[in-house]
Amino acid sequence: MRAPTSLLPLRLENVRFEAGGRRIIDGISLEIGHGGRTVILGPNGAGKSVLLRLCHGLLAPSAGRVTWNLQQPSNGRHRQAMVFQRPVMLRRSALANVAYGLKLAGIGAREDHARASKALAAVGLEHLAGRSARVLSGGEQQRVALARAWALEPEVLFLDEPTANLDPAATREVEAAIAAIGDAGTKIIMVTHDLGEAKRLADEIIFIHEGRVLERAGAERFFSAPTSREAAVFINGELL
Amino acid sequence: MGTIGPAVSQAAVMIAGLDPQLVRIVALSLGVSLSAVLIATLVGMPIGASIAVARFPGRQATIVLLNALLGLPAVGVGLLVYLLLSRAGPLGEFGILFTPAAMVVAQAILVAPIIAAFSRQAVEDAWREYREQLDSLGAGPFQAALTLLWDCRFSLLTTVLAGFGRAVAEVGTVMIVGGNIDGVTRVMTTAIALETSKGDLPLALGLGIILMGLVLALNATAHAVTEFAKRHYG
Ligand SMILES: Nc1ncnc2c1ncn2[C@@H]1O[C@H](COP(=O)(O)OP(=O)(O)OP(=O)(O)O)[C@@H](O)[C@H]1O
Ligand SMILES: [Mg+2]
């Protein structure tokens with residue numbers, strides 16, 4: 001376990017988020033601690049990406065509070081990383097994209113290169129290190145983004161549908177990478193609407209629908225005996 | 001009509017033989033316009049980039065104004081700079097009216113809005129795309145600005161080329177504030193205008209060919225830069 005200075009638990013207290021006249025997150029209270037990989041599951045438009053942005057501090061809640069286990073009112077940003085649903089690649093090589101994050105984190109230039117290469121290799125992209133990131137395929141870009149986040153060795157890693165654009169082989173590779181990152185001590189908080197992926201990776205599930213948490217349970221229990229009607233319908237692959 | 005054929009061949013001879021008068025005019029033109037574009041870039045690019053990422057009241061109005069300045073009539077700018085620099089004007093004491101310096105100032109004023117407006121557009125598009133990612137990676141405002149400028153380097157370069165094209169080809173401001181003084185402030189465009197009206201077609205044609213070639217080359221370069229960037233960097 002980590003030293004008592006850990007960022008976790010992450011606490012959300014009655015968080016609401018409104019935009020465009022709509023309530024997108026509707027009063028969510030959560031406490032997320034160490035304990036395994038957390039998967040946020042829910043249908044399209046449920047508010048999963050917005051929730052992740054609120055947790056990471058990219059969006060400010062309209063009401064309620066998002067806090068980390070920190071003395072000062074800081075967002076602890078440099079100890080977290082996020083992989084977005086749509087990867088954002090800078091106009092430079094794949095390797096330079098990974099090294100860019102390290103440079104911002106203040107890690108020495110020589111070490112940057114080695115760490116960036118290692119992270120790229122871990123997502124199976126070492127052969128594309130010198131290629132321009134923006135001309136890579138969607139799946140390759142997604143993996144560069146994962147490598148960029150991973151290289152930072154964050155305490156908490158937010159992942160927004162990291163395998164949505166990947167073919168089966170790449171999906172397996174990325175899921176293995178995510179599991180390895182988690183095993184190395186990084187808290188994984190991942191969004192998906194892919195049931196198979198949730199089953200493969202989740203230790204616990206937070207099921208959200210229309211901006212509310214309907215259910216939170218260990219993965220096995222959630223899939224075998226969901227308590228909410230919506231979750232049961234979702235697991236059966238029906239439209240909510 | 002009969003004079004055009006010989007005039008063209010005479011112009012060709014002047015260009016090929018690097019006629020001293022022609023060379024001096026071309027050199028002055030390039031010197032004035034390059035200086036003007038340098039100044040306009042140093043002023044316009046930071047302004048454009050700041051407007052792109054800053055949020056302040058009146059921002060939309062500023063953008064509309066900036067875009068309107070793109071269509072600034074050259075003679076209008078010429079007149080304005082003339083009034084500023086004339087003996088009785090607020091900047092009259094510098095005594096630079098009818099010197100190349102005055103032409104540099106006038107062209108810089110003409111071109112700065114172009115560079116500012118196009119830089120704003122390029123940087124703002126990139127900012128919209130990068131904002132969350134840079135925020136997530138913990139980039140401060142200064143680092144974010146540097147990253148945006150670097151990532152927009154190709155579109156910014158084409159913007160500078162476009163600014164240079166406008167400067168070197170305009171005639172209104174340099175005519176008014178330069179005065180078209182032979183050997184001092186006579187640039188390509190003013191020389192073409194004068195020599196044509198005097199009927200000295202060979203020099204006018206020679207300069208015209210060089211000017212057109214230059215503008216063509218600028219556009220070709222801008223196109224090549226854009227294509228290169230698209231192909232290699234996406
Ligand atoms: N800035 C915004 N302004 C207005 N509406 C927004 C904004 N951001 C998100 N929304 C809306 O909030 C809802 C939830 O969006 P969100 O991206 O969190 O969904 P999601 O659960 O991640 O869906 P998906 O599985 O499709 O990624 C959507 O209906 C979306 O249109
Ligand atoms: Mg989403």
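A: Let's begin with the aromatic pairs: across all chains there are eight. (Rings of Phe, Tyr and Trp, the last by its six-membered ring, pair when their centres lie within 6.5 Å; planes under 30 degrees apart are stacked, over 60 edge-to-face, and the rest tilted.) Take F207(A) and F222(A): their ring centres are 5.9 Å apart and their planes sit at 40°, so this pair is tilted. F207(A) belongs to strand β8 (residues 204–209) of chain A and F222(A) to helix α7 (residues 219–224) of chain A, so the pair ties together parts 15 residues apart in sequence. Helices (H or I, at least four residues) and strands (E, at least two) are DSSP runs, numbered from the N terminus.

Before going on, keep in mind that this is a predicted model: local features need pLDDT of at least 70, side-chain atom pairs count only at pLDDT 80 or more, and totals for chains, interfaces and linings use all residues. Residues are numbered from 1 along each chain as its sequence is written, chains are lettered from A and ligands numbered from 1 in the order written, and side-chain values use heavy atoms, leaving out hydrogens and water.

Now for the sheet. In chain A, six strands form an open sheet in the order β5-β6-β7-β3-β8-β9, with mixed pairing (strands pair if DSSP finds at least two bridges between them). β5 and β9 (212–218) of chain A are the edge strands, each pairing on one side only. From one strand to the next, the twist averages 15°. β5(A) runs parallel to β6 (residues 156–160) of chain A, and four bridges join them. M82(A) has F158(A) as its bridge partner in β6(A). Helix α5 (residues 168–183) of chain A lies across β6 and β7 (187–192) of chain A, at about 150° to β7(A). (Contact means heavy atoms within 4.5 Å; axes are lines fitted to C-alpha atoms, for helices over the stretch in contact, and angles run from 0 to 180 degrees between N-to-C directions.)

M82(A) turns up again in the lining of the largest cavity, alongside A81(A), A145(A), R148(A), A149(A), Q133(B), S136(B) and L137(B). A cavity is a set of points on a 1 Å grid over the protein atoms alone where a 1.4 Å probe fits but cannot get out, and lining residues have an atom within 4 Å of a point. The largest cavity holds about 40 Å³ of space, the volume being what probe spheres set on the points fill, with points joined across faces, edges and corners. α4(A) gives the largest share of the lining, three residues.

Technical notes
On a 1 Å grid over the protein atoms alone, a cavity is a set of points where a 1.4 Å probe fits but cannot get out, and a pocket is an open set with protein on both sides within 12 Å along at least five of seven lines; lining residues have an atom within 4 Å of a point.
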